[in-house]
Amino acid sequence: MTGYILKRLLSAIPVLLGITVIVFLIMAMIPGDPATAILGSYATPDNVEKLNRDLGLDKPLVAQYFIWLGNMLTGDFGTSFALNRPVLDEVLERFNATLILAGTAFLICSVLGIIAGVVSASRQYGFADKSITFAVLLGISIPSFFLGMMMILFFSVNLRWFPVSGMWPVYGDRNLWVLLNHLTLPALALAVVATGVIARLSRSAMLEVLRQDFIRTARAKGVHERGVIWRHALKAAMVSIIPVLGIQAGFVLSGAVYIEMVFQWPGVGRMLVDAILKRDILLVQGGVVFVAACYVLFNIAVDVAQSLLDPRIKT
Amino acid sequence: MSLLTLTRRGILAGGTALALSLGANGAAAQTPPGVLIVGQIAEPKALDPAAVTAVNDFRILMNVYDGLVRYADGTLEVEPALATDWTISEDGLEYTFNLREGVTFHDGSPFNAEAVVFNFERMLNEDHPYHDTGPFPLAFFFSTVDTVEAVDDMTVKFTLSAPFAPFLSNLAYPTGLLVSPAAVEQHGADFGRNPSGTGPFRFVEWRSNEAVVVEANPDYWDGAPELEAVVFRPITDANTRTAEMLAGGIDLMVEVPPVSLSEFEGDQYTVHEQAGPHVWFLILNAKEGPFADKLVRQAANYAVNKEALVNEVLEGTAEVAAGPTPPAFAWAYNEELEPYPYDPDRARELLAEAGVENPEVTFFVTEGGSGMLDPVAMGTAIQADLEAVGFDVTIETYEWNTFLGEVNPGLEGKADMAEMAWMTNDPDTLPFLTLRTAAMPDQGGFNSGYYSNPEVDELLEQARVATDQAERAELYKEMQAIVQEDAPWVFVANWKQNAVTSDAVENFSLQPSFFLLLDDVVKN
């Protein structure tokens, strides 16, 4: 198993190098440069040239790339032009906020999605199944940013139950309770679509398992129906549910961009959007590389988990 | 089965209880009295006045720092601040300022002539030990400054390399705000996150992406502020900012989107409006194509229904512009100018006179940008107006940075007209950078439409050298009349900045400078 993990980690290196090249080239190719973005109306050729020199953007592209890559390997991601602070500090702080949001949403959608799928499958074509299927269809069809705005209007502006935006209150103590208060709406809005997808796929995975012989055997030997479904069938179905969870984790993480914009959550997605608009090259590059590295590691973790669950997968 | 049902019901009940109790907690969050919470449009870049360029950052800085001079309340006229008075030499090259006695920076260090010299040397002198705390993108505001010297402890003298009348206005601009040399020496490049000035509020903390907090400076030389503290919250999404205002999470909201204004009609809100030194216009390519003919340029001015644009598209958040200079520069504005009326028939006549019934024009539109208001909707309405009198308009839309990259180097070979907007702090800046023959793009200016009139060039040069304000005003007024007649642009709108305050906020008013001054504001 250790060998397998090592092999997977090694194979991630060219992927990450490829990502650095792509993100660097994209930032170099998009029109508009940081100096123009900073100077705005005052971007005369003279001023732009001077500012580019100050920012170190007057060197040839290839040199810029290798300086950036070299610095990054030593842990120096550079300094953000627009925020005037080290890229790594900003990315770590923001990523932490995103993890809290996406992690909570992921927890919600996994638990709710699997429960809904299992209940649905165990009462196929019953009332519960039909209502869950309908709810799932509705959930999948609503864009999360729209749902987020509606939730703000209803729960924050009209009912004033939850704060509109942000992660912490401007005033007062910072404790888990306050965080949950700020987290509830964005995490729910973010979880809705993924919950639907997970519920659908859990349902079909369960239905497939429930038709198999060992389920009939379990029932025949007198296992309680609840035991059949939650212990025997769900365990077998998890093999096909876990990859779905992996994909949905990625989806939740990327979907966080919209939710972070709507709820002004100080996460990495909102950071990247702002940074792109300001042509904050180093922050975009550093942020993308960091997030991509996390994706790659997460995918490896999912594969490893799957091979642990299912001995048929060769390691 | 009963256990499952019970559990399920239990989960449901627990969840509801959780949601309710979380909600109860949220409702308790009200903003405390004496503390003003401001909804800003973005995270500031830095709190170092020499290093920043955005109005958003200026809104904080103007409350933490002072300059030698400032704009008098409600005007764009310069009055004393940290300088009590000044003299200007006959040739307009030497400015000598007497400094205010007994002022200290928030860090306790004294304000004196050496501090002023340090500030300008840091920005302008590449050999200064703290020049590397930059870059200072707007340092060119003071590019005519040759030397800054401390005559004595409380007198400072600026020597310019050429007469430059806007110098005083530029000193009133945030780039001219004065920072504590001791704090720069202590924090170096991190000064932007550890600011220290002399202003009515002193810096407390900056929580990244959450808030900048400042508190009252009880020793402020111009009287301690009424508020205990101000919190600036960055809320980039305009809809979320509106929702925060409606939910009571902020007390003051800047840059309300026109479509959201109707949300704030109730008694518990006050909507503030203030016209500023802003002008929104269409650059016309006077070098080639149909707009090379003055008659066609005038026809475009008659054809565009500016009233409809400001009232319908912008929901009354702007006024119709008459010429190149915004009326906010009251002293330099030519009151006799009337905007081109909306007269499609006159436009058709002019086109016929010019011999072009159906000129084809390419129109650069941007998706949005600093001061651009609602550029896509405005561009489409303008296209419709122009087509109604016979123009054949093709729109090309660009993202803001790309747009600037296309427009600033000049429209030749690419387009016949382009949207543009400027906010300036002196009546000199915009025409000097965009309407002179010597400001063509290949000479480093912004005259992207290649307008050239030797008379205008002459007037602008004279106005720059004149140090008497009345004399400058006459020159600018004459320039405005000529430019309006020549129509190098379609003059469209002057934006009114807006803000909303809750009923707990008193004594707040917006400034024509677009700065946010909070030292007299009261929050109950």
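**Entry 1: chain A as a whole**

First, a reminder to myself: this is a predicted model. I counted the elements of chain A and got 12 helices and 0 strands. The C-alpha trace of chain A spans about 85 × 55 × 35 Å along its principal axes. Chain A has 315 residues, and 41% of them count as buried. I also checked how far apart in sequence the contacting residues of chain A are. Taking contacts between residues at least 6 apart, 72% join residues at least 24 apart.

**Entry 2: H8 and H10 of chain A**

Next I picked a helix pair. H8(A) and H10(A) pack with their axes 8 Å apart, at an angle of about 160°. That angle is over 145 degrees, so H8(A) is roughly antiparallel to H10(A). I noted the crossing of H8(A) past H10(A) as right-handed. What classes of residue make up the contact of H8(A) with H10(A)? I found 24 nonpolar, 4 polar and no charged residues there.

**Entry 3: H10 and H12 of chain A**

H10(A) also packs against H12(A), at about 175° and with the axes 10 Å apart. Because of that angle, H10(A) is roughly antiparallel to H12(A) too. I looked up who meets whom: H10(A) brings residues including Met238(A), Val239(A) and Ile242(A). From H12(A), the residues they meet include Tyr295(A), Phe298(A) and Val302(A). By class, this contact of H10(A) with H12(A) has 10 nonpolar, 4 polar and no charged residues.

**Entry 4: H11 of chain A**

Then I went to H11(A), residues 268-277. Why is H11(A) said to be largely enclosed by the rest of the structure? Because 7 of its 10 residues are buried. Among the buried ones I wrote down Val268(A), Met271(A) and Leu272(A), and also Arg270(A) and Asp274(A). The buried residues of H11(A) pack against H5, H10 and H12 of chain A. After H11(A) comes Arg279(A), and its phi is positive, near 55°.

**Entry 5: where chain A touches chain B**

How many residues does each chain give to the contact? I got 48 from chain A and 44 from chain B. On the chain A side, the elements that give two or more residues are H2, H3, H7, H8 and H10. H3(A) supplies the largest share of that side, 6 residues. Sorted by class, the side of chain A that touches chain B has 28 nonpolar, 13 polar and 7 charged residues.

**Entry 6: a sheet in chain B**

Last stop, chain B. I found an open sheet of 4 strands there, in the order S4-S5-S7-S6 and with antiparallel pairing. Which strands sit at the edges? They are S4 (83-88) and S6 (145-152) of chain B, each pairing on one side only. Neighbouring strands of this sheet are turned by 20° against each other on average, ignoring direction. S6(B) and S7(B) pair in the antiparallel sense over 6 bridges. One partner I traced: Thr147(B) bridges to Thr159(B) in S7(B). Helix H3 (residues 113-124) of chain B packs on the sheet and touches S5, S6 and S7 of chain B. The direction of this helix makes about 165° with that of S6(B).

How values were computed
Residues are numbered from 1 along each chain as its sequence is written. Chains are lettered from A and ligands numbered from 1 in the order in which they are written. This is a predicted model: local features need pLDDT of at least 70, side-chain atom pairs count only at pLDDT 80 or more; totals for chains, interfaces and linings use all residues. Two strands pair if DSSP finds at least two bridges between them. Axes are lines fitted to C-alpha atoms, for helices over the stretch in contact, and angles run from 0 to 180 degrees between N-to-C directions. Two residues are in contact if their C-beta atoms, placed from the backbone, lie within 7 Å. Ala, Val, Leu, Ile, Met, Phe, Trp, Tyr, Cys and Pro count as nonpolar, Asp, Glu, Lys and Arg as charged, and the others, Gly among them, as polar. Angles under 35 degrees count as roughly parallel, over 145 as roughly antiparallel, 65 to 115 as roughly perpendicular and the rest as oblique. A crossing is left-handed if the near helix is turned anticlockwise from the far one by less than a right angle, and right-handed if clockwise. A residue is buried if 20 or more other C-beta atoms lie within 10 Å of its own, exposed if 12 or fewer, and partly exposed in between; C-beta atoms are placed from the backbone.
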